[in-house]
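Please keep the sequence and the structure at hand while reading.

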Amino acid sequence: MMAIHVQLFVTMGRMSRAPPGPPFPTPPSLYCPRLLLYSPPSHPWRQIPTYPGDPSCDKNSRFCADGSSTDGFRAQSLQQDDGQQVRSTRARVTRGRGPGLDGTRLAKLCIGQREVTVQKGPLFRAQGYPVSISCKVTGHQGPSEQHFQWSIYLPSAPTQEVQIVSTKDADFSYAVYGQRVRNGKIYVERIQGNSVLLHISELQMKDAGEYECHTPNTDAKYYGSYSAKTNLTVIPDTLSATMSSQTLRKEEGEPLELTCEASKATAQHTHLSVTWYLMQDGGRSQATKIISLSKDFMLTPGPSYAERFAAGQVRLSKLGATTFRLSIESLQPSDQGQLFCEAMEWIQDPDETWTFITKKQTDQTTLRIQPTVRDFQVNITTDSSFAEGTPLELVCLVMGSGPNPQLQGIWFFNGIEIARVDAGGVLGLKNDYKERASHGQLQVSKSGPKAFSLKIFSVGPEDEGAYRCAVAEVARTRMGFWQELQRKQSPDSHVHLRTPAARSVVMSTKNKQQAVWEGEALTLLCKVGGPESPLSVNWWHIPQGRTQPEFVAGMGQDGIVQLGASDGRPGYHGNTRLEKVDWATFQLEITSTTLTDSGTYECRVSERTRNKARDLSWTQKTSVTVKSLEFSLQVSLMSRQPQVKLGSTFDLFCVVGADYSDLKLPLTVTWQFQPAGAQDFYQLIRITHDGTIEWGDFLSQFQKKTKVSQTSFRPQLLIHDATEEEMGMYRCKVEVYDRNSWHTNGPVRASVISHPLKIAITLPESKLEVNSSSQVQEISINSNTAIECSILSRSTGNFPLAITWYFSPISTSASWLRILEMDQTNVVKYGDEFDTPQRKPKFHTKKVSQDLFQLHILNVEDSDQGKYHCAVEEWLLSTNGMWLKLGGKKSGLTELKLKPTGSQVHVSKVYQTENVTEHREVAIRCSLESLGGSASLYSVMWYRENSGNKLLVHLQHDGLLEYGEEGLRGHLHCYRTSPTEFVLQLRHVAMEDAGLYWCRVTEWQLHGHPSKWVNHASDESQRMVLTVLPSEPSFPSRICSSVPLLYFLFIYPFVLLFLLLLSLLCLYRKARELSALRFSARKENSFWMDLKEAGGGTIHGRKKRRTRKTEP
């Protein structure tokens, strides 16, 4: 033997399928060893699997392409003693003993294999949008430009390839994709010779599946991968972008805010990007990007808006989850055009690149910008005449000017400057005006961007004169000073003081009504006529039935309010308000009136002047009535259906009637219920005026089936799925509160209870309708059939159905037999005639749907011929667990016939009459007119008509005898006297056996595989009359007819037996006595013989004489 030691060292890479052990380095190319290496016994060997991709070896044999053989060799790797793998750059073969290899042979290595890669999946793209899938091949031989073929495996047929498009074959596409390929909607774009992109311009839902990219082989040998697959899922387009279309007209420098709603409902994790665009020149030019929020939540301005974005004048804000707001702080003429918002939805592919899948644009908003006019005008607005002590306010308005002008205002009085407000808002006062401002008598301010205000709180004679304002537009220099650009002055405004004059006072209520409802607000107005002047007011109240007035409230000229005493009434001060509407109108409001607020109210107005020693005053009175809420409150309970169907819904209306129903006062409604048979009413539910719901504790079942609505003055109670427990008396209680009770816990103003209303619960009317049309089914013998029971309509609600199937044989006199019943709980019960081992498996019912039931009959025989129908009943389960029947309907008849089989049975129809004497035997015969085939067997069933058709006995085709009742076994006997004649024998005929008898003969034949006996045909005989005659009275019958004699004959034998035994006993005793006497006589004779022998002749002589005397 030759021992060969080979060492293989590989430095260029690892094999494509690495053996167990430490991995090799991973270079771009793959190599495989082709030599079989063998190690010395001292080193363990490990096998490396061979590789069919080696182009230098035939994968079906063990011969290399250069002709060298690999028989007896196996690729193995050498391990050192410590288990570490040995790596080298060459293979060394050592000769040993035995035949084998000579010398050293270098290992041959495989060249690089082909590899096809496709874009990593799964990919998610939206319906209606394009998709591009990349595919690339490397490690190939042949031309640099490779061909690509694209196919799809649909989810409905994952193993079936559907060809889409090819760069090599124009007829590659299947018909389902051919039209789209020819129209250019599906095409392949070549990026390089070994790289392409598959483009689908508009995705459809049916495009979802597994895509395969295949490259035809251009290599000398097949080695590597030639196709790759990726999954594409088509999802619905859920992106929405909306903005109302409008036209806005703005001035230059004004701010602008637009909002855009963008949302998505994609199940996958996606991001949104939102971009605002400006379209100018009527859409003929390209849209200009204003600002965008990227998918990475980064704000990026457009090139033309970058400077304004950096200055904070252009912003994009996200408000909530779906609202995006564009804000431009100061509009410019270049902003004019059509603005719209574009939303894009992005998804991250498995290669971690983001791809947009949907894009939507909103409607456009047209923006018109009016350029600013720089010139402006100044004017003063005020009244010319004022009363002494009243406030004076002068407003200097600037009209025109540019956007956001820098203005300063200067006030002049009689040509002298008294105040100045610069562009920065710094105030400067002159002379004594500074002191007046410190005491709160004067205020100078900039009330708006283009308005300046001068306010004197109490005008005096020193304030009469000419007022003028000057406005200067300024700009701040680089040194920080204000530089005046232009100045404009207003015309003079003259202020004069009016002298006090006589005044008129008018007093009224706010709603022009002298009566208010209890709890409502009472508002009294006191209006003073004449020139404006500081005034004070006092309100007085004279209650009904009293003459002494009560002070209610007062207000001085300084506006301080003083309220009167509360008289112990809670919340009095909180309910009374005194306000000054304007300089001449005073308003007294009592927010929540009571009945005690009725009476006469007096308003006293006073005016104080500087030149008079005392105040001037004027008075006016009016009467007010507060009406009681409970006086006109009425409640009635109504229902549209006092008679309620069980399981239906009924409602109750608590109609509240009052003269103040238009006030919509808060109500608390309590629904009360008195169950049938109870004495008291219980709280069902209480809905307070603040919306709180309070359930009663007595009837918990109402909470799951009750709905209430609290409408103004018409509350409603709705009860679903009415049961017996809801039957009884109902009533409602209404409590009225005032308006303030919405916010405060005020007292009940009025309360009333309605009359009771009785609700009766009745069973609902059944709406059940069953198909009543008749039909005929003709089927082959021993086949299966189904008879349908169709429900046309049924009552609304959950009412289970009970289905009962009936059968009537062909015999015209036969009654309806119950086959089976499926009750409302789906429990199936069979009728007595069908609850047998022979007939029960043939029939079963099936519920196909809610409205369709079927009776299935298996292996139909001749005895199954007849008429069938179903009876349907609707049932209702009451709350107490009892089932209530709502109604029932019967279907039409379905007649079941057998197709002719060629076999016919004809029973003799001869009319027969049999007379038999009572207690005798009789035979009733049934004859066939002809006999069927030799393969036929016959069975006969004997019937008797007695309150229905009664089966007496059945002689089956296999000879078994089956009795209708077990008690008939000793009275009846059925047998066959010939092939065509059957006999029914009645033993010990009784009078009740009289009646009509007939037979039914059935022919049986083997049928099917495996064979079974099936009845093919049957026929009935005519009714045969059996008359039973009474028998002649015989001795036994006479005996049996006499009860005393019967008792005598029954008891007499026992008496005779007793007497016989007694006589025998007496004779036995007599015999024993006689026997005893004989024994005594023998002893006596024997005694006398002994004396004779012993005593001599005297005695003997005497005895003879005595003997002679005794002889006759």
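In this predicted model, the torsion about the S-S bond of cysteine 526 and cysteine 603 is about -85 degrees, so the disulfide is left-handed. Cysteine 526 belongs to strand 38 (residues 522–528) and cysteine 603 to strand 44 (residues 599–607), so the bond ties together parts that are 77 residues apart in sequence. The sulfur atoms of cysteine 526 and cysteine 603 are 2.0 Å apart, and both residues are buried.

A search of the whole structure finds 7 disulfides, among them a link between cysteine 654 and cysteine 732, with an S to S distance of 2.0 Å. The torsion about this S-S bond is 75 degrees, and the link of cysteine 654 and cysteine 732 is right-handed. Because cysteine 654 lies in strand 48 (residues 650–657) and cysteine 732 in strand 54 (residues 728–736), the pair ties together parts that are 78 residues apart in sequence.

Cysteine 789 and cysteine 870 also form a disulfide, with their sulfur atoms 2.0 Å apart, and their link, with 65 degrees about the S-S bond, is right-handed. Cysteine 789 is in strand 59 (residues 785–793) and cysteine 870 in strand 65 (residues 866–877), so this pair ties together parts that are 81 residues apart in sequence. Both cysteine 789 and cysteine 870 are buried.

For cysteine 974, the closest cysteine sulfur is that of cysteine 999, at 9.1 Å, which is too far for a bond.

| Residue | Relative accessible area | State |
|---|---|---|
| Cysteine 654 | 0% | buried |
| Cysteine 732 | 0% | buried |
| Cysteine 974 | 4% | buried |
| Cysteine 1066 | 42% | partly exposed |

Notes: Residues are numbered from 1 along each chain as its sequence is written. This is a predicted model: local features need pLDDT of at least 70, side-chain atom pairs count only at pLDDT 80 or more; totals for chains, interfaces and linings use all residues. Side-chain values use heavy atoms; hydrogens and water are left out. A disulfide is a pair of cysteine sulfur atoms within 2.5 Å. Helices (H or I, at least four residues) and strands (E, at least two) are DSSP runs, numbered from the N terminus. Buried means under 20% relative accessible area, exposed over 50%, partly exposed in between (1.4 Å probe, protein chains only).
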